[in-house]
Amino acid sequence: MSSRQKTICFVTTGDIAAIATAKRALGLANPLSDLGWKVYIIMEDTKENRHRVSMECDERTNVRFLTYDSSFDERTKKSVLLEEIRPDYVYLCAFVFRNIVSISFKCKKLVEHSELRSAIKDVAWWRRGYELSSEYYSLFYADGVLNASVYLQQLNNKRARCIFRKKLPMLYFPYAYNKDVCKTSVCKDGIGLKKGDEDVFVTYLGSLSRAYRTIDIVKAVKKIGRDEIKLLLLGDGDDRQRIQDYVVENKLDSQVWMPGYVREEDISAYFSLTDVFVLPMNDTVQDKARCPSKLYMYLPYNKPIVTSKIGEPYEVLKENGTYYAASSVDSLSTAIMKALSKNTLGMNPLCHEWNERARQLDIWVKNSFE
């Protein structure tokens, strides 16, 4: 296999606007091509998926867009297409039913884990049981496992030993950012909000959800009580209406801006004007296991990041982060004030580019399978 060009096919699921796991495929595609790989991606045919492909990939990447009538139809069409491509490596960007393809040809099956779905407590017990069995099954199915967090790397290594697969190759493989998409020069086009000379922007990107306790950021800004602090909540979610009601009730309309879902190419306009980023984390197994992709979107802007000493943010930032006690509004408001006294994040983000991740994957494949 090492004497000829290696071929890899990423199998993704859903619309990238709602399911972030496809970001891995798009981020790695061109860098892997530069390392001599032939790259294919299987994606659902949606407007946003096509748009994101046009932003991050070029003619070097062969993207196959498919439409499906059902989850069974999706699996079947993916399997048929893989039989046609016959790559050396099949990379499942998430081990979910729609991605567990049947493969009759000789190849290496690489499975990525970016979260621990069996740890989600607000679902039925039988669903958690299904997710747990699926997580264990992935360790039998895969020839190699890639874990997006330190927690998952340790957990899956332990589980593999328990099922007598202690030699299963594994790689700690967090998310990254695309330097061509993250434009760090100040850009005010399209932001629709003027930043005054005294204003400071505190920015959160992600789901406005109860699970992420996004409303706590608004409560922290209210507690600080400084009019020059403008909070940008970029995204949408199940808690949007409650947050909007809180903003109105507390007369924070001039300080809190909620534009809803922001297109990837417009994010830089907000981020380049940001003074402090906020990344809420909860003290739960679910948050310890997941890899928040927004962390890597924040890094290239070199601004202070307020988060908790939980999971991947602490693994990545260490002493460079500004930390608060999870679930504490008082601690969060104090941390934001502390971060505002800093000018920069104070770390080099270059080791978290997709180019570097592609290099790590290439080395791991050579050491594990060739």
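Asn 30 is found in helix α1 (helices are DSSP runs of H or I with at least four residues, strands runs of E with at least two, numbered from the N terminus). This is a predicted model: local features need pLDDT of at least 70, side-chain atom pairs count only at pLDDT 80 or more, and totals for chains, interfaces and linings use all residues. Residues are numbered from 1 along each chain as its sequence is written, and side-chain values use heavy atoms, with hydrogens and water left out.

Asn 30 counts as buried because its relative accessibility is 12% (buried is under 20% relative accessible area, exposed over 50%, partly exposed in between, with a 1.4 Å probe and protein chains only). Setting aside neighbours within four places in sequence, Asn 30 is in contact with Glu 56, Cys 57, Asp 58, Arg 60 and Thr 61 (contact means heavy atoms within 4.5 Å).

Next, the sheet. Six strands form an open sheet, ordered β10-β9-β8-β11-β12-β13, with parallel pairing (two strands pair if DSSP finds at least two bridges between them). Its edge strands are β10 (256-260) and β13 (322-323), and each pairs on one side only. Strands of a sheet pair through backbone hydrogen bonds, either parallel or antiparallel. Six bridges join β8 (residues 200-205) to β9 (residues 229-234), and these two strands run parallel.
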